[in-house]
Amino acid sequence: MPKLKRLHAGHAPVVLAFELENRAYFAASVPDRGDDFFDKFTGRYGALLAEQEAGICAFYLLVAKDGSVLGRFNLYDLENGTAELGYRVAQHVAGRGVATETVRELCRLAVARHGLRTLRAGTSRENVASQRVLIKAGFVLVDPADLGGKSDPWYQRDLVLQR
């Protein structure tokens with residue numbers, strides 16, 4: 001059974017492997033991170049850990065029994081009981097309910113560990129699978145998001161009302 005784990009320094013090699021193995025898959029639905037992301041991965045990873053330590057963000061990995069990463073689930077800009085949700089799952093587990101179930105679990109953790117009341121998530125209009133995940137996890141469409149210069153949907157979940 002996969003486990004949702006808080007990101008730590010020792011996860012760096014498996015996170016990098018996850019990103020590299022799924023790069024083309026992710027680029028089909030979201031803008032590619034670019035070569036610079038991978039070239040400067042160590043520095044960027046350290047910055048993420050610093051943001052998490054400061055309480056600005058909370059980063060989680062869905063880890064398989066063998067230690068490989070099945071997905072990344074992140075809470076950004078934690079402020080005033082609200083945060084933005086971002087996630088990505090490995091191609092080989094996509095379409096199996098893994099993202100939906102993990103987003104639901106993260107919603108519970110968002111309340112219990114981080115004291116959050118509201119989560120928001122943006123997705124591209126073309127990323128129907130991500131929209132489905134959010135809706136199944138209790139999010140509702142609230143307004144357009146500006147992702148990469150175009151207007152795309154934003155979803156929101158009131159965590160206090162929908163435990």
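**Group meeting: a walk through the model**

Let's start at Asn22. Asn22 sits in the loop that links α1 (12-21) to α2 (23-27). Helices here are DSSP runs of H or I with at least four residues, strands are runs of E with at least two, and both are numbered from the N terminus.

A word on the model. It is predicted, so local features need pLDDT of at least 70 and side-chain atom pairs count only at pLDDT 80 or more, while totals for chains, interfaces and linings use all residues. Residues are numbered from 1 along each chain as its sequence is written, and side-chain values use heavy atoms, with hydrogens and water left out.

Back to Asn22. Is Asn22 buried or exposed? Asn22 is buried, at a relative accessible area of 5%. Buried means under 20% relative accessible area, exposed means over 50%, and partly exposed is in between, with a 1.4 Å probe and protein chains only. Setting aside neighbours within four places in sequence, Asn22 touches Ala90 and Gln91. Contact means heavy atoms within 4.5 Å.

Now the whole fold. The protein has six helices and seven strands. Along the sequence, the order reads β-α-α-α-α-β-β-β-α-β-α-β-β. The C-alpha trace spans about 40 × 35 × 30 Å along its principal axes. For 163 residues, a compact globule would have a radius of gyration near 15 Å, and the protein agrees, at 15 Å. That radius is taken over C-alpha atoms, and the globule rule is 2.2 Å times the number of residues to the power 0.38.

How much of the protein is buried? Buried residues are 44% of the 163. Take contacts between residues at least 6 apart in sequence: 56% of these join residues at least 24 apart.

The protein exposes about 8800 Å², and carbon and sulfur atoms supply 52% of that. These areas come from the Shrake-Rupley method with a 1.4 Å probe; for residues, only the protein chains shown count as cover.

Charges next. There are 22 positive and 19 negative side chains, and the centres of the two sets lie 8 Å apart. Lys and Arg count as positive, Asp and Glu as negative; His and the chain ends are not counted. Each charge is placed at NZ of Lys, CZ of Arg, CG of Asp or CD of Glu.

Let's go back inside, to Leu134. Leu134 belongs to helix α6 (residues 128-136). Its relative accessibility is 0%, so Leu134 counts as buried. Beyond neighbours within four places in sequence, Leu134 is in contact with Leu85, Tyr87, Ala121, Phe139 and Tyr155. Thr123 is eleven residues away from Leu134 along the chain, and their C-alpha atoms are 9.4 Å apart.

Now the cysteines. How many disulfides are there? Zero, by the rule used here. That rule asks for a pair of cysteine sulfur atoms within 2.5 Å. Cys57 is buried, at 3% relative accessible area. Cys107 also counts as buried, at 1%.

Asp77, in strand β3 (residues 69-79), has a phi near 55 degrees, a positive value in a residue other than glycine. Asp77 is partly exposed, at 47% relative accessible area. Asn80 lies in the loop between β3 and β4 (82-89). Its phi is near 55 degrees too, again positive in a non-glycine residue. Asn80 counts as exposed, at 64% relative accessibility.
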